[in-house]
Amino acid sequence: MEQSRIAHSIGIALDRFIKNNQEQFQYASGELSQLLRDIALASKVVNREVNKAGLIDIMGALGSQNSAGDQQQKLDVLANIRFTRALSKGGEVCALISEETESFVDLNNEGKYVIAIDPLDGSSNIDVNVSIGTIFSVYRRKSPEGTPIKDIDILQKGSEQVAAGYILYGSSTMLVYTTGHGVNGFTYEPSLGEYFLSYPDLKMPEDGKIFSVNEGPYNSFSTGMKNYISYCKEKNFTARYIGSLVADFHRNMLKGGIYIYPATNKDPTGKLRLMYECNSLAFIAEQAGGSATNGKNRILDIEPRTLHQRTPFYVGSKRMVEKAESFE
Ligand code: AHG
Ligand code: MN
Ligand code: MN
């Protein structure tokens with residue numbers, strides 16, 4: 001979108017923005033627009049629940065574990081239900097990959113799209129009133145419609161995403177997404193129940209001074225990673241780590257910075273999940289002028305082998321990611 005058109009559209013409601021920019025969607029037949037609206041609607045429901053978290057009995061652990069063996073929080077499960085319901089009712093999505101379900105869900109419909117979702121990211125922060133999020137990736141299905149879902153539909157590379165986004169339930173609630181034509185951010189106005197464009201054509205600063213890494217497992221970091229952290233400290237960079245990937249990523253995108261979750265003894269291939277955490281944010285980072293790698297290779301080029309595959313993750317301002325990689 002040209003600059004003048006963007007400037008004029010600040011404050012435009014999400015629905016109208018999607019409609020006005022329909023031509024930017026690959027295969028612009030309206031389904032992808034509807035899918036984004038479904039996600040926005042489900043996020044409003046989740047936002048309401050997140051905001052009431054201390055008042056009704058939805059905080060705390062559920063007593064079960066998810067696909068990755070993490071403790072499931074009640075809100076993890078609730079958010080998964082909200083998004084699954086909205087997307088299956090919509091009919092545009094034929095299959096769903098979620099952090100909260102072991103295998104993918106075949107919705108047995110004619111939908112053209114496959115979604116990978118982390119319904120609630122940063123769940124350790126739910127009970128302590130710290131920002132959390134939702135992350136999603138959208139793919140086009142490859143096998144013919146009306147046939148059972150196959151691996152080629154599910155295990156697609158990040159570079160094949162047709163859209164990606166996140167919702168940040170923070171001091172305000174935001175929805176940020178890309179369809180491969182730059183990144184736009186919308187802020188939720190709760191009294192009107194609507195998202196409005198607040199950050200048109202978001203660009204990540206090329207360089208920055210914020211580094212975000214959990215240094216707890218420092219002793220098991222690679223020598224390169226340890227040296228990069230020393231470099232950040234020698235340069236007097238600022239350390240910021242919320243522990244919610246969406247929130248850390250969002251801050252770094254606005255201010256310039258790098259988020260790293262490296263390989264550790266506990267998680268030798270990193271902790272974060274390729275399909276519904278890293279790919280989506282990598283696509284957004286690149287669309288905003290930043291970059292995302294596993295320390296060596298571009299995240300979007302990684303061929304996924306399993307749904308819940310993990311990867312080391314370096315994402316943020318282009319120069320900072322290059323510098324961090326040079327230490328590996
Ligand atoms: P999730 O709540 O979806 O399992 O994701 C948690 C992730 C991510 O949000 C965060 O950056 C990271 O885990 C925090 O991990 P540490 O507590 O190990 O730093
Ligand atoms: Mn997560
Ligand atoms: Mn999660």
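**Exercise 1.** State how many residues surround ligand 1 and which are the closest.

Solution. In this predicted model, 18 residues surround ligand 1, each with a heavy atom within 4 Å of it. The closest are Asp121, Ser123, Tyr241, Tyr259 and Tyr261.

Residues are numbered from 1 along each chain as its sequence is written, and ligands from 1 in the order in which they are written. Local features need pLDDT of at least 70, side-chain atom pairs count only at pLDDT 80 or more, and side-chain values use heavy atoms, without hydrogens and water.

**Exercise 2.** Find where the shell around ligand 1 comes from, by strand and by domain.

Solution. Begin with the strands (DSSP runs of E, at least two residues). Strand 5 (113-121) and strand 13 (257-261) each supply at least two shell residues; strand 5 gives the most, with three. Then take the domains, whose bounds come from an automatic or database assignment: domain 1 (2-199) and domain 2 (210-326) each contribute at least three residues.

**Exercise 3.** List polar contacts between ligand 1 oxygen atoms and the protein.

Solution. A polar contact here is a pair of N or O atoms within 3.5 Å. From the side chains, a polar atom of Asp118 lies 3.0 Å from a ligand oxygen, and an N or O atom of Arg273 lies 3.2 Å from one. From the backbone, a polar atom of Leu120 is 3.3 Å from a ligand oxygen.

How values were computed: Polar contact = N/O pair within 3.5 Å; in protein donor to acceptor, adjacent residues only side chain to side chain. Helix = DSSP H or I, 4+ residues; strand = E, 2+ residues; numbered from the N terminus.
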